[in-house]
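Dear colleague,

I am passing on the structure we spoke about, together with some notes on what turned up when I went through it. Please have it open beside you while you read.

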Amino acid sequence: SKGHGGPPHLPALPIIGSLLSLRSDSPPHILFQSLQEKYGPTYSLMMGAHKLILVNHHVHAKEVLLKKGKIFAGRPRSVTTDVLTRDGKDIAFGDYGPTWRFHRKIVHGALCMFGEGSASIEKIVCQESQSLCTAVSEAALRDLPLDLAPELTRAVTNVICALCFNSSYRRGDPEFQSMLGYSQGIVDTVAKDSLVDIFPCLQIFPNADLRLLKDCVAARDSLLQKKYDEHKADYSDHVQRDLLDALLRAKRSAENHNLTEAVGLSDDHVLMTVGDIFGAGVETTTTVLKWAVAYLIHYPQVQKRIQEELDSRVGRDRTPQIKDRGSLPYLEATIREVLRIRPVAPLLIPHVALADTSIGNFAVSKGDRVIINLWSLHHDEKEWKNPEIFDPGRFLDAEGSGVALPSPSYLPFGAGVRVCLGESLAKMELFLFLSWTLQRFTFSVPAGRPLPSLEGKFGVVLQPAKYEVHATLRAGWDVLRFLSVPSAV
Ligand code: HEM
């Protein structure tokens, strides 16, 4: 049925909304994809008191994100996100407005600042790649199965730490271990389909999840506060070491002009912006790397072709650099294919209509929430031949010598005003971490173990199940050579 010119909608009951129609064993992105058969690519449902519009086709997705990006630039508020972001004082869940714009600009500036000079992001990522390779080589030389996840998390976390605090962690550092603990707690609890978010009144009966979330957020905040206090103590107007310095500089300048509240530069805002970069930058990139290795183990011929490309274009006398990207199209195509087949944010972050508007011919009311089902876009059979088959070749041009975009139904980082702020950093990390490790190692499944599951567990991000790898040093990469090849950056 269509109500008041809006999209077709699922049945809904007072208070519980459409919950009865959403009972399913499938994760939300797959359930929402399958509901298209009955309701069409754009339809709506009720989640408690909130109307949700589900968009499963790229034409309507681009209308929401690009053509009407500013109208759909709102974010929903919930009990969980309010706990996480001190009532939306961050970027990802902050209201669309001057404060959000200002903080995006400062983060963007800090990312650009690292583009050049001795502390360039590329240099930081290469240092972490070297450290990752050392950890993998230890397991390879002892012929032991390895859980890559903690090593990948440390590498990615250290890049974000360098960007935010100008610091990094060694393996086993207690502060890093506690960071891992609370991050996992936040990911687990935010991910749970917490009833608190559907029925906010339940917060007066705090449930165990909400308590755990609050404990983890308190641990995160005390670490952020410590770093913030250290930065305040040795801050200088003349040196900008990292994102915290950039935020402090903006804050001091706003204070001098009595503008702190006007531009949203309270201590809470500064801390939540930094917290956001950790929240959005670590789990996402690490998860893509885990998916990439899982697929390379399933498809050894793809891994071999990447290694042949690396051998012929980079060789073994130097390490890969960002400028090699253009000459390694098959690796680039593989990264694109991983981001297509297992999008880490299959439902993006929900958007909210800030005014009465429309999607296609359907009326949309101010306050309606819009979910872009990226999973549907990336698995649309009209756009992608055999979408469940992992085939990096689909992203190569006709000659096979360059990368191409074969369909407009591809938005792994979103698009428009709310597009991912870390897209270029993430792409650089994916390229360098994968090229460094694949130059030296071949990954396979340890003897007697099953292949990694490719199913994925839906949560804050779509994660692969835990798996171990068997890493082998490639021919010609004996230990001496391994240690002696200098980083080219
Ligand atoms: C491969 C890794 C990554 C993927 C696939 C990814 C993807 C996304 C997606 C799909 C969104 C939501 C867009 C929307 O709601 O329309 C997003 C938002 C965001 N991402 Fe990423 N991201 C990645 C890495 C990063 C990194 C490294 C950072 C930080 C440096 C970052 C910072 C953010 C922020 C701050 C937002 C919120 C933007 C806003 O609401 O204005 N992301 N990302």
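This is a predicted model: local features need pLDDT of at least 70, side-chain atom pairs count only at pLDDT 80 or more; totals for chains, interfaces and linings use all residues.

N166 turns out to be partly exposed, because 17 other C-beta atoms lie within 10 Å, and a residue would need 20 or more to count as buried. You will find N166 in the loop between helix 7 (148-165) and helix 8 (174-191), where its phi is near 60°, a positive value in a residue other than glycine.

Two other places show a positive phi. R86, which is not a glycine either, has a phi of about 45° and sits in the loop that runs between helix 4 (79-85) and helix 5 (98-113); with 17 C-beta neighbours inside 10 Å, R86 also counts as partly exposed. N258, which comes just after helix 11, takes a positive phi of about 55°.

Turning to the chain as a whole, its secondary structure comes to 18 helices and 8 strands. The radius of gyration is 23 Å, close to the 23 Å that the globule rule gives for 489 residues, so the chain is as compact as a globular protein of that length. Taken along the principal axes, the C-alpha atoms fill a box of roughly 70 × 60 × 40 Å, and 43% of the 489 residues count as buried. Among contacts between residues at least 6 apart in sequence, 73% join residues at least 24 apart.

The ligand is surrounded by 24 residues, of which the closest are A280, G281, G414, C420 and G422. Helix 13 (267-298) and helix 17 (423-440) are the elements that give two or more residues to this shell, and helix 13 gives the most, with 7 residues. By residue type, the shell divides into 16 nonpolar, 5 polar and 3 charged residues.

Two further helices may be of use when you check the model. Helix 11 (residues 243-256) has 14 residues, which at 1.5 Å a residue should span 20 Å, and the distance of 20 Å between its end C-alpha atoms agrees with that. Within helix 11, the buried residues are L243, L244, D245, L247, L248, A250 and K251.

Finally, L31 is found in helix 1 (residues 28-34), and, with 17 other C-beta atoms within 10 Å, it is partly exposed. Not counting residues up to four places away in sequence, L31 touches L22, S24 and S26.

With best wishes

Definitions and conventions. Residues are numbered from 1 along each chain as its sequence is written. Helices (H or I, at least four residues) and strands (E, at least two) are DSSP runs, numbered from the N terminus. The expected span of a helix is 1.5 Å times one less than its number of residues. A residue is buried if 20 or more other C-beta atoms lie within 10 Å of its own, exposed if 12 or fewer, and partly exposed in between; C-beta atoms are placed from the backbone. A residue is near a molecule or strand if its C-beta atom, placed from the backbone, lies within 6 Å of it. Ala, Val, Leu, Ile, Met, Phe, Trp, Tyr, Cys and Pro count as nonpolar, Asp, Glu, Lys and Arg as charged, and the others, Gly among them, as polar. The radius of gyration is taken over C-alpha atoms; the globule rule is 2.2 Å times the number of residues to the power 0.38. Two residues are in contact if their C-beta atoms, placed from the backbone, lie within 7 Å.
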